[in-house]
Each structure stands twice: as structure tokens, then as C-alpha cells.
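Me: Hi! Could you walk me through this one? I have a few quick questions.

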Amino acid sequence: MGRVGVLLLNLGGPEQLKDVRPFLYNLFADPEILRLPFAWMQKPFAGLISTMRARTSRDNYRQIGGGSPLRRITEAQAHALQDDLQAKGCDAQVYIGMRYWHPFTEEAVNRIKQDGIEELVILPLYPQFSISTSGSSIRLLEKIWSEDPALQKIKYTVISSWHDRPGYVQVMADFLRQELDQFENPDQTTVFFSAHGVPLSYVTESGDPYQQEIEASTQLIMEALKRPNPHILAYQSRVGPMEWLRPYTTNVIAHLGQQGVKDLVVVPISFISEHIETLQEIDMEYRHLALESGIENFRRMPAVNTHPDFIDTLSEMVLEYLDKPSLRFSQVFRPQKKIKLYPQERWEWGMTTTAERWNGRFAMVGFIALLVELISGYGPLHLAGLL
Ligand SMILES: C=CC1=C(C)c2cc3[nH]c(cc4nc(cc5[nH]c(cc1n2)c(C)c5CCC(=O)O)C(CCC(=O)O)=C4C)c(C)c3C=C
Ligand SMILES: [Fe+2]
Ligand SMILES: [Fe+2]
């Protein structure tokens, strides 16, 4: 075996409040996250939205101590994984490549090249595949690879998804059982799986396997739990005016409260590390909503972070994939159709008269302004109390 490397992929998060705007810019400049009708719109639009959303987003990061813990946790996972692989006789070097913040994917790839890695396992830290997460990171790697002959000599394989790995399912079930046992009536407590949402069109138009994988993980965890608890799945963190996967977490929490549910445990199903959406959105916003809606006991299952059983699952997976035939970037899921940000209007460009063309252009400007406002939650319509 040649020199072995493992590349962990994750989203990245702003470490300080001053990083929030440039981080958001990188995120919104990615067409896998936000696809505009014309490519030339992407960067100006990302600039606009990131500037306008930065205030709300900074407030949220301020509430969790002024930055995301994602880098620190991912580094701890990388160290633990490297030690575990070593203990299992595999002398591998583990790298971290973040999509939108430091340490960037490009930096990780440079280090992999400098270190003379000959065999590489690429492991996204998202159990379920989505075009917007693992898909985006893998697309980026494919591009970097295509531009560098030195990288093309590395034997690599991609683990595109691991939502049904027995080890992962077992750790999640064990964590859930421990959390349930904190309630007075563990078997009657409602289990609320909260997954990060994606726009509905990713699934219905582009064939994103994300929803199906989330549902499968949920099912497998409930089976491994071996308890009779009622359970429900909903999607959180919607951004923008489009329809996202339903039901929305906020609606379901309010509804459960109205139905008289008193004990609720939230399982953050699409996250394996603590970050803003567990620490702020679930622990603060959803807790507040739940208590207001009549739920009395609200708990959240912690993310698996660096738990030894979780790290063991990761290392077993890496060792298994080193022996498997490799999965190429081109074999990883690709959207069937280009993702659209919104159900596209039929713009009648240059059809009849100049007047109609200009009507279209003015409508486009108005439409973009509305979109910016809906995504950022900030603008003249909000000021006028209309949104
Ligand atoms: C499975 C995980 C995730 C999916 C799916 C996902 C899709 C997705 N996200 C946005 C918009 C934003 N995401 C933001 C931060 C963020 N998102 C994830 C995970 C998923 N996103 C993580 C791990 C983080 C970083 C968290 C941290 O601790 O820093 C943000 C910025 C934060 C905010 O302002 O809310 C945005 C915006 C879209 C549009 C999308 C699907 C298309
Ligand atoms: Fe996100
Ligand atoms: Fe989010």
C-alpha cells in the first residue's frame, strides 16, 4: 500500500463575527446552493445577499459565542480518526477540506500533493448525500483534479453517502436511548427527527437522493432503538422564497404542542457535529417555540462529534473502502436537470416590440429585488411591514 490519505469534506463556518459576510458570500456564490437564471448574476447577487443577510446571521453566531465551532470539532474528529486508523495498523494522514471557509478544500488538496499521498479516501462528513452539500464538494474536487495532472496519478475513491451504515445507525440509536432515559416516561416521549431542509425542486426536479436517504436513516435508527416511541420527521433552516421539503420543523413543533404533546426529544438527523443549527436554531429558537406551544420537557440529542464509537465507524469505513474498487467523481450522483432557484417565469426576451423587452427587464429588476429581500429578510417591503 502506498502513502494513504483521508480527505474529510465539510461545509465550514465563520470562526469570528468578521468572517460571517465573506463566508456567506462564498456560500451564495455556489450555484449548487443558489442557482440563478444567468451565470453572470451569480457573483453580484451573492455579494448583495451576503451583505444583507450578514446582520441576522451575525446575531445568530453572536448567540453561540461569536463563531462556529465547526472547524474545532472537525479538527478533533480528524485527529481522533487518524489515531484510530493508526491503532488499526493503517498509517494514514487525515486532511480537512471545507467548502466555504478555512481550511478550504483547495488548501487540503495542495497538502495532499506535497505529502506525496498515493491512495486517497474522500469522505464527506454528511451521512446523507445532497447536491447542495457532498455533491457541491465533490464537483469542486472534480474540477481541481481535471486541471492538475499530478493529482490524476493519485488512486482515489469517494464515499458518496453512508446514511445506512450499521455503525452510524447504532451510535445514533445509542445516543437517542440515553437522551430518552432522561425523561420521566422514556417510552412515551415523542422523537422528533429534524433534518436540514433543501429546496423541494432539488428532489422533485433534479432527483437529489437526500430526502429518501434522510427517511431511510430515520427508519433504521428507530428500528435499532427497539422502543415503541412515536416519532416524526421534519425539515429545518429554510432560506429564501422557494418551497422547501415539508413539513417544516416550526409548523410541526407548534402542531405537536397544540395536540398536547408534553415530552419531546429532537434528533438532529443530518448533522454529526454541533454547529449553529443545533446550538442556536434548535437549542434556542425551537426550544422557545416548543415551550410557547405547550411542550413542557424539550431536550435535544447531542451531535456524535468525536464519540469513540462514531470515530470507530468512520475508520472501519475508510479501511473497507481502501480495499474496494474505486468510485470516481464522475460516478457520484449528478443532478438530472439544472437546479432552478425558483419556478422560472417564461421571459419573453426580444419577442415583439422594444417596449415589451423593457417591461421584461424592469420586471426582472423588481423580481431580483424581491428575491433579495425574501432571502435576506431585509429591505423596503419589510420596512413597510408588508413581509
Ligand atoms: C446536511 C446539511 C446541510 C444542508 C443540506 C444544507 C443546505 C443548504 N444550506 C443553505 C443555506 C445556509 N447554510 C448555512 C450554514 C450551514 N449549513 C450547513 C449544513 C447544510 N446546509 C452547515 C453545517 C452550516 C454551517 C454552520 C456553522 O456552524 O457555521 C448558512 C449560514 C448560516 C445562516 O445564515 O443561516 C446558510 C445561509 C441552503 C440555501 C441550502 C440548500 C440549498
Ligand atoms: Fe446550510
Ligand atoms: Fe442552514
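Me: Which of the 19 residues around ligand 1 come nearest?
Reply: Gly 13, Ser 57, Ser 68, Ser 270 and His 275. A residue is near a molecule if its C-beta atom, placed from the backbone, lies within 6 Å of it.

Me: And where does ligand 1 lie relative to domain 1 and domain 2?
Reply: Between them, because domain 1 (4-163 + 307-323) and domain 2 (166-300) both give residues to its shell. Those bounds come from an automatic or database domain assignment.

Me: Good. What should I know about the model and its numbering?
Reply: This is a predicted model, where local features need pLDDT of at least 70 and side-chain atom pairs count only at pLDDT 80 or more, while totals for chains, interfaces and linings use all residues. Residues are numbered from 1 along each chain as its sequence is written, with chains lettered from A and ligands numbered from 1 in the order in which they are written.

Me: What is the mean pLDDT of the protein chain?
Reply: The mean is 91, and 87% of the residues reach 70 or more; pLDDT is the predictor's confidence in each residue, from 0 to 100. For the complex, the predictor gives an ipTM of 0.94 and a pTM of 0.90.

Me: Where does pLDDT stay under 50?
Reply: Residues 342-356 are one such stretch, and residues 383-387 are another.

Me: Switching to the backbone: which peptide bond to Pro 103 is cis?
Reply: The one from His 102, with omega near -10 degrees. Pro 103 sits in the loop between strand S2 (92-98) and helix H4 (105-114). Helices (H or I, at least four residues) and strands (E, at least two) are DSSP runs, numbered from the N terminus. Arg 246 and Pro 247 are also joined by a cis bond, with omega about 0 degrees.

Me: What about phi of Lys 226?
Reply: Phi there is near 55 degrees, a positive value in a residue other than glycine. Most residues other than glycine have a negative phi.

Me: Is Lys 226 buried or exposed?
Reply: Exposed, because Lys 226 has 8 C-beta neighbours inside 10 Å. The cut-offs are 20 or more other C-beta atoms within 10 Å for buried, 12 or fewer for exposed, and partly exposed in between, with C-beta atoms placed from the backbone.

Notes
Two residues are in contact if their C-beta atoms, placed from the backbone, lie within 7 Å.
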